[in-house]
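Grab a pencil and have a go at these exercises before you peek at the solutions. Each one comes with its steps worked out.

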Amino acid sequence: MPDQNHPPRNRVTLAPAKPLPHARTPLGDPAWRYVGAPDLEHLGAADWAILERQRGLVYRGRAARDALALLEMQKDDPSYGYHTNMYRHGLEAATRAWRAGADEEFIVVCLLHDIGYAIANPTHGEFAAALLRPYISEAHTWMLRQHQIFQKFHCHDLPGNDRMAREQFRGHPAFELTAHFVAHYDQNATDAGYETLPIQAFVPLVHRLFERTPRP
Ligand SMILES: [Fe+2]
Ligand SMILES: [Fe+2]
């Protein structure tokens with residue numbers, strides 16, 4: 001029990017706020033069930049069964065929709081210097097992959113590889129890898145995670161850049177794949193004159209990917 005007379009020194013002071021009126025969903029569905037306790041320690045088997053069943057109903061299709069929404073939020077973002085913004089960069093990468101006859105998984109990986117660029121800039125490769133890992137191959141996951149390091153190879157006059165940083169991974173099973181991805185679908189996908197397919201072309205692919213049985 002916390003000592004009321006000696007609160008922790010680092011306690012954060014929060015402005016008073018009204019509690020949320022309801023935290024229940026979907027509203028108005030008489031068949032919807034709620035668990036019998038407000039904490040995990042007191043949930044019984046019937047409670048866990050409710051959660052297991054309704055989790056699937058609530059979140060079905062949600063990951064694909066939310067990922068696409070995050071991408072579309074960036075549609076009108078300004079470029080910070082490139083001739084195209086990150087939204088178009090993703091579309092260009094995916095379109096190039098599609099025109100090259102790549103498989104569906106690779107196309108979606110291209111589309112979403114920089115989806116976290118704005119909100120997780122220094123770690124956006126890990127962000128995309130974490131998002132997609134349950135649904136894609138280990139090679140594609142590794143490629144997403146490391147693509148930032150492989151990109152350095154193409155930056156010839158960037159001050160302080162170690163172009164050969166990727167060499168630490170030479171011999172890895174996904175080394176050549178990642179080098180190929182960055183060379184042909186990433187470092188060159190900043191061309192405002194490139195005719196990309198619209199996002200609608202890729203929506204079914206994104207949904208199909210997220211509908212795969214997630215691997216642990
Ligand atoms: Fe990137
Ligand atoms: Fe990129």
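**Exercise 1.** Work out which residues of α6 meet which residues of α7.

*Solution.* Start on the α6 side: A139, M143, Q146, H147, F150 and Q151 make the contact, and their partners in α7 are L177, T178, A179, F181, V182 and D186. Contact here means C-beta atoms, placed from the backbone, within 7 Å. Sorted by class, the two sides give 7 nonpolar, 4 polar and 1 charged residues. Nonpolar covers Ala, Val, Leu, Ile, Met, Phe, Trp, Tyr, Cys and Pro; charged covers Asp, Glu, Lys and Arg; the others, Gly among them, are polar.

A word on the ground rules: this is a predicted model, where local features need pLDDT of at least 70 and side-chain atom pairs count only at pLDDT 80 or more, while totals for chains, interfaces and linings use all residues. Residues are numbered from 1 along each chain as its sequence is written, and chains are lettered from A and ligands numbered from 1 in the order in which they are written.

**Exercise 2.** Describe how α6 and α7 cross.

*Solution.* First, the helices: α6 is residues 138-151 and α7 is residues 175-186, as DSSP runs (H or I, at least four residues) numbered from the N terminus. Next, the geometry: their axes come within 9 Å and cross at roughly 65°. Those axes are lines fitted to C-alpha atoms over the stretch in contact, with angles from 0 to 180 degrees between N-to-C directions. Last, the hand: the crossing is right-handed, meaning the near helix is turned clockwise from the far one by less than a right angle.

**Exercise 3.** Find where α6 bends, and say what its buried residues pack against.

*Solution.* The bend, about 50°, is at R145; it is the angle between axes fitted to the seven residues ending there and the seven starting there. Now the burial: among the buried residues of α6 are W142, L144 and F150. Buried means 20 or more other C-beta atoms within 10 Å of a residue's own, exposed means 12 or fewer, and partly exposed is in between. The buried set packs against α4 (104-112), α5 (124-132) and α7.

**Exercise 4.** Decide whether W48 and A64 are buried or exposed.

*Solution.* A64, in helix α2, is buried, because it has 20. A64 touches V206, H207 and F210, leaving aside residues up to four places away in sequence.

Terms used. Helices (H or I, at least four residues) and strands (E, at least two) are DSSP runs, numbered from the N terminus. Two residues are in contact if their C-beta atoms, placed from the backbone, lie within 7 Å.
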